[in-house]
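This report walks through one structure for a reader who has not seen it before.

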Amino acid sequence: MVKEFLYRGIPKEELESLSLEKLFMLFNSRQRRSLTRGITDGKRKLIEEIKAAKAGKLKNPIKTHIRELIILPYMVGVTVNTFSGKEFQPVTITTEMIGHYLGEYVITNKRVSHGAPGVGASRSSLYVPLK
């Protein structure tokens, strides 16, 4: 049996039918403030692309640099290629991502693997023979 996802006690179907004002009241204060201050043109264009992809009208994958978009219930099921600073990484939006930012799911830094220290890197390397 698959566990049903509930966002603050409300199932996904009811979340999609809620008005935006009631949905905003379920979010944290930071997300509420961001959404009530208005949506920029770039975010609006991305939302329209997501709606078109959800309806099946869009053939090309969605690519975006906008990482500060808050994931809303109607975006579930769409794959968005989000820029990590170097490359676009695909993010498939699931129900557990509702209320989070899109950029939270794309890592922007890699693990550092240090090599051997070079000459002059430390005081003891003065006495290391070069050959």
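## Core, cavity and selected residues

In this predicted model, the largest nonpolar core has 28 residues, and those that touch the most other members are L15, F27, I50, L69, M75, V80 and I93. Two helices, α2 (20-26) and α4 (41-55), each supply at least two residues of this core.

The volume of the largest cavity is about 70 Å³. Its lining is made up of S34, L35, G38, I39, K43, I47, E68, L69, I70, L72 and M75. By residue class, the lining of the largest cavity divides into seven nonpolar, two polar and two charged residues. L69 and M75 are among the lining residues, and both are also named among the core members with the most contacts to other members.

| Residue | Relative accessibility | Class |
|---|---|---|
| R8 | 51% | exposed |
| T64 | 5% | buried |
| T95 | 15% | buried |

R8 is located in the loop between β1 (6-7) and β2 (10-11). Although R8 is not a glycine, it has a positive phi of about 55°. R8 counts as exposed because its relative accessibility is 51%, and the cut-off for exposed is over 50%.

T64 is part of strand β3, which covers residues 62-64. A polar atom of the T64 side chain lies 2.9 Å from the backbone nitrogen of I66. Not counting residues up to four places away in sequence, T64 touches L46, V80, N81, T82, F83, F88 and L102. With 5% relative accessibility, T64 is classed as buried, since buried means under 20%.

T95 sits in the segment after β5 (88-92). Which residue's side chain makes a polar contact with the side chain of T95? The partner is E96, at 3.5 Å. Apart from neighbours within four places in sequence, T95 is in contact with F5, K12 and V76. T95 also counts as buried, because its relative accessibility is 15% and the limit for buried is under 20%.

Terms used
Residues are numbered from 1 along each chain as its sequence is written. This is a predicted model: local features need pLDDT of at least 70, side-chain atom pairs count only at pLDDT 80 or more; totals for chains, interfaces and linings use all residues. Side-chain values use heavy atoms; hydrogens and water are left out. A nonpolar core is a set of buried Ala, Val, Leu, Ile, Met, Phe, Trp, Tyr and Cys residues joined through side-chain atoms within 4.5 Å. Buried means under 20% relative accessible area, exposed over 50%, partly exposed in between (1.4 Å probe, protein chains only). Helices (H or I, at least four residues) and strands (E, at least two) are DSSP runs, numbered from the N terminus. On a 1 Å grid over the protein atoms alone, a cavity is a set of points where a 1.4 Å probe fits but cannot get out, and a pocket is an open set with protein on both sides within 12 Å along at least five of seven lines; lining residues have an atom within 4 Å of a point. Grid points are joined across faces, edges and corners, and a volume is the space filled by probe spheres set on the points. Ala, Val, Leu, Ile, Met, Phe, Trp, Tyr, Cys and Pro count as nonpolar, Asp, Glu, Lys and Arg as charged, and the others, Gly among them, as polar. A polar contact is a pair of N or O atoms within 3.5 Å; within protein, one must be able to donate a hydrogen and the other to accept it, and residues adjacent in sequence count only if both atoms are side-chain atoms. Contact means heavy atoms within 4.5 Å.
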